[in-house]
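Open the model in your viewer and keep the selection tool at hand. This tour goes stop by stop.

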Amino acid sequence: MASLTIRGIGDDLKKRLKMRAIGNNRSMEEEIRHVLADAGHPLDERTSVVSRSLQSSATPLAPMLGGQPAPQRGLPAGGSLAGRRVVLVITGGIAAYKSLDLIRRLKERGAMVRVVMTKAAQEFVTPLAAAALAGERAYTDMFDAATEFDVGHIQIARDTDAVVVSPCTADFLAKIALGLADDLASSVILATDKPILIAPAMNPRMWRNAATQRNLARVREDGVAIVGPNVGEMAETGEAGIGRMAEPIEIADAVSHLFGGAVARSLVGTRVLITSGPTHEAIDPVRYIANRSSGKQGFAIARAAAAAGAGVTLVAGPAALPDPPGVKVAHVISARDMLAAVEHALPADVAIFAAAVADWRAAREDAHKIKKGPGGGRQLALVENPDILATIAHRADGRPRLVIGFAAETEQVVENAKAKLARKGCDWILANDVSPGSGIAGGVMGGDRNAITLVTRDGVEIWPEQSKDEVARRLIERIAAELSHP
Ligand code: PMT
């Protein structure tokens, strides 16, 4: 058999050749054949092609490759994943079909997506479908001669900016936790030094199993980022609960976070109104009714909205926090002040009510400090405060397009939040468990972390415990995605 040896392929040319081969779903050898054929030098089928990677890229192949620039790194403005390379590992769960949509979402944001599929994943979606969406072949085999020639598992693991596992089955989670590497997908995970994000998806009972929770804690400790799972109907008939894979758009948002939470000015031109903190309801000149809210969650949302380019007005109850830069802040004391400031700040496109407004105030505010009487005890008559969220959500004129409330609950969190969503007339409610038993260090009210159950008219999503800044960024990305739909 004849053999053609191509010498002098430098790194740059090799990279361009490889990207072109990948883009055309061909091996390097096939690609070289095509380049030569296009240049008028077709090779006999029986001629084998051997490329030698030497010093120089000054080879006649270079001009033949034409304008196929190597991929650019970095984040150009306007595309939060532009130039980013993402390896998407699809494992074998029913949610695998959603990963086809995820490929589309990642590419929409400018990412280059390379797909690796486990054997089980191929029972749910075909490598061909994944390849068609990704624009390059899907990698399936550890010992695939073509793969090892073109892009071996070590190279797949290294030639990327992040590895995303979606869906991540209980079995694959266990493999990551243990560091097993018995197929291409798990070998890529073990070999990569890039950020890893997993989107778990499994039956609620498997999710709750102590072994799964142990594995989850282990991978979290190892620095793996996790998105979802959500609560909802399972693909299996009659099954519901926690374990449903996060939606592709949420996973794409989480991928953006891996690269520094770049929400890429997604709210430019949007007016966002936020309430935060407690209110103080005076009893007399020295005493008031209040609660433990610090304002941290509302301020974090204001910062995230401003970072995304929104015009932000923050109506803040008493808080010991610095005003966020670039945000218009109205400082208020009582619920009635807050309502007045909110109405003054309208119109807005989005209104987010994170304040813990006092539900009641003293029926009468004494002009002087109330003195202790001879009887010891004292009755305090209360009247209800206006409900600011319900007032704005029910406005006939000038209702913001998206009205979002919070629900601070200590029991039956989801049920109570759903009832609040209906009663107050808002579009979304972010419920948080503010009970001492929530397990969140420092407590949700006053502390730095939060765990959210997002209730919308479409269902319920669980956002696992994270910092209030992360909750804020996730909310802002969610809002940007919502507003992008006409
Ligand atoms: O401030 P932090 O320490 O960071 O803590 C954050 C938080 C726990 C306060 C925040 O995440 C939160 O849950 N805010 C809502 C607290 C609350 O008052 O929840 P609620 O369930 O009582 O009220 C439901 C919704 O109605 C809220 O959006 C609230 O702002 C709004 N409301 C309530 C009463 C009222 N009179 N007017 C209102 O607008």
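The stops below cover helix pairs, the ligand site and some backbone details. Keep in mind that this is a predicted model.

**Stop 1: α4 and α5**

Select residues 96–108 for helix α4 and residues 127–134 for helix α5. The two axes are 9 Å apart and meet at an angle of about 15°. Angles under 35 degrees count as roughly parallel, and α4 and α5 are therefore roughly parallel to each other. Their crossing is right-handed. Now show the side chains. On α4, pick Leu100, Ile103 and Lys107; on α5, pick Ala129, Ala130, Leu133 and Ala134. These residues make the contact. By class, the contact of α4 with α5 has 6 nonpolar, no polar and 1 charged residues.

**Stop 2: a cis bond in a strand**

Go to strand β5, residues 162–168, and find Pro167 there. Is the peptide bond between Ser166 and Pro167 cis or trans? The bond is cis, with omega about -5°. Most peptide bonds are trans.

**Stop 3: α8 and α11**

Select helix α8, residues 170–178, then helix α11, residues 210–221. The helices pack at an angle of about 45°, and their axes are 9 Å apart. α8 and α11 are therefore oblique to each other. Color the contact residues next. From α8 come Ala170, Leu173, Ala174, Ile176 and Ala177. They meet Thr212, Asn215, Leu216, Arg218 and Val219 of α11. The contact of α8 with α11 divides into 7 nonpolar, 2 polar and 1 charged residues.

**Stop 4: the ligand**

Center the view on the ligand. How many residues surround the ligand? There are 28, and the closest are Ser293, Ser294, Ala355, Lys420 and Asn432.

- Ser294: an N or O atom of the side chain is 2.6 Å from a ligand oxygen.
- Phe406: a polar backbone atom is 2.9 Å from a ligand oxygen.
- Ala408: a backbone N or O atom is 3.2 Å from a ligand oxygen.

**Stop 5: α13 and α17**

Select residues 296–307 for helix α13 and residues 468–484 for helix α17. The axes are 8 Å apart, and the packing angle is about 50°. That makes α13 oblique to α17. The crossing of this pair, α13 and α17, is right-handed. Which residues make the contact? α13 supplies Lys296, Gln297, Ala300, Ile301, Arg303, Ala304 and Ala305. α17 supplies Lys468, Asp469, Val471, Ala472, Arg473, Leu475 and Ile476. In the contact of α13 with α17, 8 residues are nonpolar, 1 is polar and 5 are charged.

**Stop 6: two loops**

Move to the loop between α14 (335–345) and β15 (350–353), where Pro347 sits. Select Leu346 along with Pro347: the peptide bond from Leu346 to Pro347 is cis, with omega near 5°.

End at the loop between β18 (402–409) and α16 (413–424), and select Gln412 there. What is phi of Gln412? Phi is near 40°, a positive value in a residue other than glycine. Most residues other than glycine have a negative phi.

Note on methods
Residues numbered from 1 in each chain as written. Predicted model: local features only at pLDDT ≥ 70, side-chain atom pairs only at ≥ 80, totals over all residues. Heavy atoms only, no water. Axes fitted to C-alpha atoms, helices over the stretch in contact; angles between N-to-C directions. Helix = DSSP H or I, 4+ residues; strand = E, 2+ residues; numbered from the N terminus. Parallel < 35°, antiparallel > 145°, perpendicular 65-115°, else oblique. Contact = heavy atoms within 4.5 Å. Nonpolar A, V, L, I, M, F, W, Y, C, P; charged D, E, K, R; others polar. Near = heavy atom within 4 Å. Polar contact = N/O pair within 3.5 Å; in protein donor to acceptor, adjacent residues only side chain to side chain. Left-handed = near helix turned anticlockwise from the far one by under 90°.
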